[in-house]
Amino acid sequence: MAAANDQQDIKREKILEASHQRFLHYGYSKTTMNEIAGDLSMSKALLYYYFPDKSQLYIAVMRKLASDYLKTLEARINTFSNLKEAFTFQVNTHHEFIVNNYNFFDFFRLNEQNLPEAIWQIVGEVHATELSLLSNAIKTEVEKGTIKPINNPDEVVDVLMDALHGIRVGAISQKKTNFPRKEHLEEIHTKKLLLVDIFIKGLMY
């Protein structure tokens, strides 16, 4: 029974990998379950056995991507030499994740006003881990005496993350789009780094 479950897990992982490549190159809207099954030399019926529809398959791929992203963040918690290194790492890592998976987020552009609850749960998990990474960095620097004492680091970081999100919203509203175009990502990234720099200077003695 265990061997059968292992085989199912392996097959499921292969489906997720093949689907990620399809979504990455063609976007959600231009990817079909038939094409994914063809990439895997698998019957469509077997693919539907693992994932009842394309949206559920997409969510599973996103969950895997988010898990890999979170592992990258979690591996660095409490490893930074200073506050700027921690905050710059988070902004850069987030930026690289979006750039490297840009076409994958075609689903967000198509469904921005009606994203499934499962997507929001994944977004919430990512937000919580990012908040933990930066909040721990602040606590460490307070203990070292390099920045002013802060009684509510989680709330402070949450406000900063809202402000960083606001940069993206502001940038795309001026461009009259709902989701940033790829050519706007670098501009958003630069502005986020500037805000982080201003924020960190405000915490210094």
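**Figure 1. Polar contacts between domain 1 and domain 2.** In this predicted model, 5 residue pairs are in polar contact between domain 1 and domain 2, with both residues of each pair at pLDDT 80 or more. Salt bridges are absent here: the rule finds 0 across the interface of the two domains. On the domain 1 side, helix 1 (2-26) and helix 2 (33-39) each supply at least two of the residues that touch domain 2. Helix 1 gives the largest share, 9 residues. By class, this side of domain 1 has 9 nonpolar, 5 polar and 2 charged residues.

Figure 2. The domain assignment places residues 1-52 in domain 1 and residues 55-203 in domain 2. Their centres, taken over C-alpha atoms, are separated by 29 Å. Domain 1 brings 16 residues to the contact, and domain 2 brings 15. About 1,300 Å² is buried between domain 1 and domain 2. Carbon and sulfur atoms give 74% of that area. Which three residues supply more of the area that domain 1 buries against domain 2 than any other three? They are Phe 23, Leu 24 and Tyr 28, with 43%.

Figure 3. Side chains of opposite charge can pair when their charged atoms come close. Glu 35 and Arg 22 form a salt bridge. Their closest N and O atoms are 3.7 Å apart. Glu 35 sits in helix 2 and Arg 22 in helix 1. The two residues are 13 apart, and the pair links distant parts of the chain. By the salt-bridge rule, the count comes to 9.

Figure 4. An unreviewed UniProt entry carries the annotation "DNA-binding region" for residues 32-51. In the model, this span is 70% helix and 0% strand. The C-alpha atoms at its ends lie 13 Å apart.

Figure 5. Over residues 9-69 the chain is 79% helix. Strand content over this stretch is 0%. How many Å apart are the end C-alpha atoms of residues 9-69? The distance is 21 Å.

Technical notes:
Residues numbered from 1 in each chain as written. Heavy atoms only, no water. UniProt positions renumbered as here; feature names shortened; annotations may be inferred. Helix = DSSP H or I, 4+ residues; strand = E, 2+ residues; numbered from the N terminus. Domains from an automatic or database assignment. Contact = heavy atoms within 4.5 Å. Buried area = accessible area lost by both parts, 1.4 Å probe. Salt bridge = Lys/Arg side-chain N within 4 Å of Asp/Glu carboxyl O. Polar contact = N/O pair within 3.5 Å; in protein donor to acceptor, adjacent residues only side chain to side chain. Nonpolar A, V, L, I, M, F, W, Y, C, P; charged D, E, K, R; others polar.
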